[in-house]
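Colleague: I would like to learn how to read a model of this kind feature by feature. Could we start with a helix and work outwards from there?

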Amino acid sequence: MRNFTQLVVFVCLLPACSGASSQAPRKLPEAMADRCAAAARGLAAAIADGSHQPIVVTPVGGDGQTPWTEQQTAERLLAAKPGGETWVIARGGSGKSMLAWGIEALTCGQRLTFRVDVGLDLRAKLEMATPTQPALARVLLAQLGVRAGEDPAAQLRDELDNTPWLLLLDGTDELTQSERRKLNAELDWLQKAEFSAHLVRFERPGMVESKPAQAPEIVLHLPDLSCTEADAVLARRFADPVALKAAHAWLTAHRLDRKRTGEACRFVHMSTHRDAETLADLAQDALATTDQPTGLDDMPTDPVRTDIYAIWLAHRLHGITSTTDGALNWLDRIAAQGVIDKREPDLRLSVNRCEGVPAPGGSDAGTVCRRLLQSPVVRKSEASGTATLANRTLMDLLFARWLVKGQTDCALLTSATGEMASLEVAAMVTSLPDGRRCLNPMVAAICSRGIPADDIIGFVDEAVPMNTRDPAFFAIADERAHGACERGVFAGLRAK
């Protein structure tokens with residue numbers, strides 16, 4: 001055991017720290033103490049070298065939506081009631097995982113804090129979980145440094161007793177819907193077990209809980225990038241002023257620097273760090289000196305969200321297949337090798353699944369599949385011999401394509417998309433031409449879940465090309481709208 005006072009003092013050396021907890025210091029299991037010290041050291045070093053800029057979040061409701069610093073967020077969570085929930089809502093690639101890491105470092109010195117990456121730490125164990133053998137109990141015991149026995153739930157209760165603790169649950173957007181249902185069963189177990197835990201869920205826009213018993217105590221939003229922040233990403237990637245000017249010119253030529261209307265300056269297509277980095281990659285592709293005098297530039301002049309990520313993916317696979325359609329159709333076929341319960345594709349990749357479909361251009365399947373798994377479009381997953389697409393946005397792209405191909409009826413497509421509870425998936429579906437024909441019922445379904453029009457407009461703006469927004473488009477939208485929310489979405493789109 002190690003005295004927790006040492007860790008409190010270390011964490012409070014951080015610039016934003018505002019005083020120690022009023023709770024008495026306590027001893028932690030050595031594994032948790034070591035983890036906490038490592039997190040605190042890492043955060044302090046990242047702040048010192050500038051690689052971590054403390055994240056600011058906006059609370060929904062409460063004290064006038066005054067933004068909270070990372071430190072203030074940590075302090076509020078330390079004071080949050082056991083048994084309650086906090087939701088952190090943010091788009092993929094906007095810094096949820098970085099915030100989870102920062103909160104862990106800032107709270108673990110004053111309260112037992114577990115940070116679980118669902119995709120890496122929990123997913124594989126969910127497959128073997130039962131009501132009496134919860135996977136979450138095994139993961140938490142491992143962080144405590146305790147070997148799980150025949151009754152991990154009882155072991156966890158013995159270890160934690162009535163000690164207040166925080167559970168930071170990150171990476172839930174990495175799960176398939178069937179895996180998410182298993183996770184929900186785990187969270188039901190946690191609630192019924194009445195541990196003295198406060199759950200912090202890092203979720204994506206569109207997450208709504210209709211059960212009052214599970215309504216969050218606190219809801220926090222990570223704001224989209226400001227124009228200044230997005231420009232900073234580009235300036236870092238294009239350090240040479242001439243190259244930066246050329247990159248901006250390329251963005252302008254393709255309407256990729258289009259701004260949202262409103263008081264705060266934000267770009268439509270650079271909402272997150274991932275978006276900005278992706279567009280920087282594409283600008284580099286277009287401006288690079290290659291055997292093609294103008295570089296690799298197949299971006300349309302009026303792009304939507306699917307165009308951006310499909311073309312980025314295709315460029316990274318350019319040595320395997322030379323066209324975007326070729327790359328996507330190949331990946332579609334691989335994804336179809338792992339359909340779960342005829343309802344959804346399992347987007348994990350393996351050589352065996354890849355070799356199960358014809359390789360592009362008649363190439364040797366084994367060679368091409370190994371190249372795929374070594375490419376930048378994938379990253380290793382928690383299971384040996386498998387990989388996943390490099391980020392959730394690419395998964396959204398393939399998932400949207402699978403949905404649109406499988407559901408030709410708008411009612412079925414809308415229902416299947418709604419099950420994901422993600423505005424990002426809805427935007428990807430309606431970015432596809434065959435999905436966009438269902439835009440009106442899709443907007444109606446999202447509005448029916450109680451999501452405000454202002455929260456929906458930006459996602460629709462990403463999905464609908466500017467050249468389709470003619471009087472006929474809005475006349476049809478107005479005719480089919482059946483409520484203030486729906487009319488508000490299309491009025492907001494008209495104003496873009």
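Colleague: Which residues of α13 are buried?

Modeller: The general idea is that an α-helix has 3.6 residues a turn, so residues three or four places apart point the same way. In α13 the buried residues are T324, A327, L328, W330, L331, D332, I334 and A335, a list that you can follow along the helix in the view.

Colleague: How many of the 12 residues of α12 are buried, and which elements do they pack against?

Modeller: Begin with the same kind of length check: helix α12, residues 305–316, should span 16 Å for its 12 residues at 1.5 Å each, and its end C-alpha atoms are 17 Å apart, which agrees. The buried ones are R305, T306, I308, Y309, A310, I311, W312, L313, A314 and H315, and they pack against α11 (273–287), α13, α16 (392–406), α18 (423–431) and α21 (453–463).

Colleague: Where does L282 lie, and which residues does L282 touch?

Modeller: L282 lies in helix α11, and with a relative accessible area of 1% it is buried, the cut-off being under 20%. Not counting residues up to four places away in sequence, L282 touches W250, M299, I308, I311, W312 and H315; I308, I311, W312 and H315 are among the buried residues of α12.

Colleague: Is L141 buried or exposed, and what is in contact with L141?

Modeller: L141, which is found in helix α6 (residues 135–144), has 0% relative accessibility and therefore counts as buried. Leaving aside neighbours within four places in sequence, L141 is in contact with V146, A148, P152, Q155, L156 and E159. The C-alpha atom of L160, 19 residues away along the chain, is separated from that of L141 by 9.8 Å.

Colleague: Is D158 buried or exposed?

Modeller: D158 has its place in helix α7 (residues 152–160), and at 64% relative accessibility D158 counts as exposed, because the cut-off for that class is over 50%. From D158 to R348 the C-alpha atoms are 36 Å apart in space, and the two residues are 190 apart in sequence.

Colleague: Can we take a strand residue too, and ask which residues T388 touches?

Modeller: T388 is in strand β13 (residues 386–389), and at 5% relative accessibility T388 counts as buried. Beyond four places in sequence, T388 touches R123, L347, R348, V377, V378, R379, S381 and M395.

Colleague: How many helices and strands does the protein have, and what is its radius of gyration?

Modeller: The secondary structure comes to 23 helices and 13 strands. The radius of gyration is 24 Å, close to the 23 Å that the globule rule gives for 496 residues, so the protein is as compact as a globular protein of that length. Its C-alpha trace spans about 65 × 55 × 50 Å along the principal axes, and buried residues make up 52% of the 496. Of the contacts with a separation of 6 or more, 71% are accounted for by residues 24 or more positions apart.

Colleague: Where does pLDDT stay under 50?

Modeller: Where pLDDT is low, the predicted coordinates should not be read in detail. The protein averages a pLDDT of 87, and 91% of the residues score at least 70. Over residues 1–25, however, pLDDT stays under 50, although the model has 50 contacts beyond four places in sequence for that stretch.

Notes. Residues are numbered from 1 along each chain as its sequence is written. This is a predicted model: local features need pLDDT of at least 70, side-chain atom pairs count only at pLDDT 80 or more; totals for chains, interfaces and linings use all residues. Side-chain values use heavy atoms; hydrogens and water are left out. pLDDT is the predictor's confidence in each residue, from 0 to 100. Contact means heavy atoms within 4.5 Å. Buried means under 20% relative accessible area, exposed over 50%, partly exposed in between (1.4 Å probe, protein chains only). Helices (H or I, at least four residues) and strands (E, at least two) are DSSP runs, numbered from the N terminus. The radius of gyration is taken over C-alpha atoms; the globule rule is 2.2 Å times the number of residues to the power 0.38. The expected span of a helix is 1.5 Å times one less than its number of residues.
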